[in-house]
Amino acid sequence: MLGNSRRLRLAAIGALVAVVALPSYAAYADDPTPPPPASVTDVKRSLEQLQAEAAQIQAEFAKTTIEYTNAQKAVQTTEAAAKKAEAYAASKKGVSDVERRKLGLLTAQAYQLGIPTVLGTESMLWSLAPIAENLQEIADRQAAIRQLGSTQVAQYQTATAAQDAAGTAADDAAKKRAAADTAAQTAKTLGLEVKAKAQEAALAMQGQMADLAGASALSSQLQNGRNAQAFAKWQTYLTELAAAKVTAPAAGLIRNPSKLPAGLKPYVAGGQNVPGTASVSSAGKTVRVLSAETIQAVNRAFSLLGKPYGIGATGPAKYGCLGAARVAWQPYANLPNLISKVYPNYQKVPAATIQPGDILLIGSKSIGLFHIGIALDGDEMIAADESKGSVTVTNVPDNLFAALRPTLGQPAVHQTPPQSSSQAYQFRCGNTATSYDVGTGAWTWPIAEGQYEIGTPFGQAGPLWSSGFHTGQDFVAPTGTPVRAVTAGTVRVEHPAWAGNLIRIDHGNGLETLYAHLSRVDVAEGAHVVAGQQIGAVGGLGNATGPHLHFEVRLGGDAVNPMPFLATGSTSTGWGGYSNGMIPADKLCGISGNSGHMLRCDAAASYAQLAAAYKGRFGKTLCITDSYRSYASQVDLYGRKPSLAALPGTSNHGWGVAVDLCGGIDHFGTAQYQWMLANAGSYGWVHPAWANKGGGREEPWHWEFGKPASA
């Protein structure tokens, strides 16, 4: 039934594509009528339902995994407590035995010397039991005569007290051992449940894989349609300009709105005159006039649409986001080779006055600048986007840092870019295929266990959300239920219409969490909070059908599935619009000489260079055991080794950017491993910190594709 509903949804989308996907951009040149709205041709629409279903499976899996992980932690804690209590009980028994032996010697001395004892018969027998075979161990009768009278009773009290303490410790140890045994049994039961969930997930994913190839092709058609739509709008503008008999002026002529050439008037946007533009009146309406240099830059940007994405690529076969922007604006503006260096060189303009051709810089003060695009009308831009795998028309991200207008020249006031953090590169050009790890013990759930039910999952498509899909995870709970910060960070309080009361927490390095629909806010703007601290209460304000917490996790401004974060304290986002482990084979590249091993194509190319260098040094082929790992294989591995494998849907193997190596590299300290440490980085391959010796999960064999030397 699920498969049928998916096919119906895909068929409906296919019908829309037939309406909007035209043969070429040129087909729009003489047609002033724009195609259907952009929402119809959203690039990820054909993949969204598959992603939503994957997210739901992950949510169920994550919930079970959390219980299992907590049970494993309980096993470790209770086992440690039991062993500690048993060791303590053993030490107390040792003390008791020593004290009882001392009492026995005193009793034996008294008996041999004929000194009357105050102990009863049972106490005497109890005291003599430890030394029954050692009644001759009396060295000095005269010393014993002086000591026995004053010490026998005291020693008896010491010995009985020691025995009582030993008994108490033994009881405590027995209780803690029972708790440890119970925890172990609970973990075993949950481990079986995890394996059962793994089997269910594998079956569910089989249905998704059957639809994936068609969905991928459909997504490409939809993106082509969106590209064509944007091009049609641009052609319509150029047609209007020609109809108004306007020849695009040079940039220098319209730089100052108060000194425009005859026949041109200032162009107004956002309530203010827009420098670098002008306007004319034609057929009763105002027509915007852009400079010739700007029009040329936009035309060149459109000419790059569909070109494949490549990290740091400058064309002509592939483009990175900066490479595409540089080509668009050459030769008028020669953009620097780093996005952060672009910002100080060109005049910044207000967001309300953004015009086609403006350079859009994406980023934040906390992590720096990491994406760049060429502005279009309608809150869209042209950019080489890693998440989509090509130069494409896409929405301007929420985390727009600045808009620059090259035709205005140098900034009037010095513009200092935000300092780039170590995480800035991870969010390059719109997305990332590497993981983000918050750290063990630093992450908690936003609502305490037992106080919520899992609601609408991340990725669910529908008209209720402005983006067309659900960007967070809902937790259904009564109004007033305490809401907690999931990890440490700095608070921002907002009140948008959709959320009512909204708390954003900036955790640094591009990580942000959102808590929406709150009935109450318990923290102040700018406050620093820690993991588990109460920040507000569940409510139903804004766009909500009932009381619940809408919880989001954002990386570099992009919403990602919160459930892997909540399950593991880490997550990863991908590329090409695909889900982790759900990448079509034709989007991956094989590794030469290693049948069956696949990687993302740029990773495969760098791997080939690395392998050639390795063979030159050791005279052997680089040994590999694992590369791209499908979701089904991740599930299978997790079902067999839940304490070792990554949660399905979070592994970098699932993005085609991780390998497991052998042949000596799989052991710390070998010549092969040391060579990799010294040389792999030159080819973009790194050994993640968590896999280092002493890093928590020691895996010398695991290497990930990161920043290539050319980037």
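In the predicted model, Cys 623 and Cys 662 are joined by a disulfide whose sulfur atoms are 1.6 Å apart. With a relative accessible area of 28%, Cys 623 is partly exposed. Cys 662 has a relative accessibility of 11% and counts as buried, because buried means under 20% relative accessible area.

The structure contains 2 disulfides. A disulfide is a covalent bond between the sulfur atoms of two cysteines. Besides the pair described above, Cys 589 and Cys 601 form a disulfide, with their sulfur atoms 2.0 Å apart. Cys 589 belongs to strand 24 (residues 588–590) and Cys 601 to helix 9 (residues 601–618), so the pair links parts that are 12 residues apart in sequence. For Cys 589 and Cys 601, the torsion about the S-S bond is about 85°, which means that the disulfide is right-handed. Cys 589 is partly exposed, at 26% relative accessibility; Cys 601 is also partly exposed, with a relative accessibility of 26%.

Technical notes
Residues are numbered from 1 along each chain as its sequence is written. This is a predicted model: local features need pLDDT of at least 70, side-chain atom pairs count only at pLDDT 80 or more; totals for chains, interfaces and linings use all residues. Side-chain values use heavy atoms; hydrogens and water are left out. A disulfide is a pair of cysteine sulfur atoms within 2.5 Å. Helices (H or I, at least four residues) and strands (E, at least two) are DSSP runs, numbered from the N terminus. Buried means under 20% relative accessible area, exposed over 50%, partly exposed in between (1.4 Å probe, protein chains only).
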